[in-house]
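Please go through the model shown here with a set of questions and answers on its fold, its packing and its backbone.

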Amino acid sequence: FLNENPSSYTSLLVLQSLFLILPINESENKFNLLNDLQKKSTTGVALIAKIESNKKTAIGKPVIPFSQVGMDGNIVDITALKGKVVLVDFWGSWCVPCRISHPALKKLYEKYKNKGFEIIGISNEVNSKNIADQDKAWRKAVKEDGINWLQILYDPQVFDAVKAYDINGYRTKFLIDQNGKFVMRILGNSEKLHSELEAKLASLLPE
């Protein structure tokens, strides 16, 4: 439908609805097939802005740097981890799928952490407007789930990681290789996605 109806506003809406499903290069290619009327519409301008933002975390792109005080009071600086394979994990204490997936992720961390694997959790607690309540909910969830990797609390006043990494849903994870390049983006939680992550880790950190 998209390919056959480039002048239809419906095509633009269909493409918008498929944004989280299609590979970003395919979304861009299909957007470019639309006519100028659709591209220049309010929806079209917003969609291409999302596509451009998403491209910043495409496979092969350099990691978007950030440095922030972590849960233990020490600075978590992703650029200082170059040489390791790093998983940047966007989650929240309120996110049931995120919490359910923690046991499997903990096993993966135990398996690979001594081989050069690190995880940075970025917890988004903005459901609460009070920063003290956000901090409390975050720390409580980390303790309850027994998480022992690096953790920071999302604070857009310090660094808007959600915007920079174009987060559209939870849980979202990014795998970054030893050279500081994005190699994988995972949206959601399932056994299949976890297996794909583990397979990629095995290829980056062989026995």
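Buried means under 20% relative accessible area, exposed means over 50%, and partly exposed lies in between, with a 1.4 Å probe and protein chains only. The model is predicted, so local features need pLDDT of at least 70 and side-chain atom pairs count only at pLDDT 80 or more, while totals for chains, interfaces and linings use all residues. Residues are numbered from 1 along each chain as its sequence is written, and side-chain values use heavy atoms, with hydrogens and water left out.

Q: How many helices and how many strands are in the protein chain?
A: Helices (H or I, at least four residues) and strands (E, at least two) are DSSP runs, numbered from the N terminus. On that basis the protein chain has eight helices and seven strands.

Q: What radius of gyration does the protein chain have, and what does the globule rule give?
A: The radius is taken over C-alpha atoms, and the globule rule is 2.2 Å times the number of residues to the power 0.38. For 207 residues the two values are close, so the chain is as compact as a globular protein of that length: 19 Å for the chain and 17 Å from the rule.

Q: How many bridges join E6 to E7?
A: Two strands pair if DSSP finds at least two bridges between them. Strand E6 (residues 172-176) and strand E7 (residues 182-187) run antiparallel, with Lys173 opposite Ile186, and their hairpin has five residues between the strands, where Gly180 takes a positive phi near 75 degrees. The number of bridges joining E6 to E7 is five.

Q: What geometry does the ring pair of Trp94 and Tyr170 have?
A: Rings of Phe, Tyr and Trp (its six-membered ring) pair if their centres lie within 6.5 Å, with planes under 30 degrees apart counted as stacked, over 60 as edge-to-face and the rest as tilted. A search of the whole structure finds 10 such pairs. In this one the centres are 5.4 Å apart and the planes stand at 65 degrees, so the geometry is edge-to-face.

Q: Where does Tyr165 lie, and is it buried or exposed?
A: Tyr165 pairs with Phe182, with ring centres 5.9 Å apart and planes at 75 degrees. Tyr165 is in the loop between H7 and E6, and at a relative accessible area of 0% it is buried.

Q: Which two residues does the cis peptide bond join?
A: Most residues other than glycine have a negative phi, and most peptide bonds are trans. In the loop between helix H7 (161-164) and E6, which holds Arg171, Asp166 has a positive phi near 50 degrees. The cis bond has an omega of about 0 degrees, and it joins Tyr170 and Arg171.
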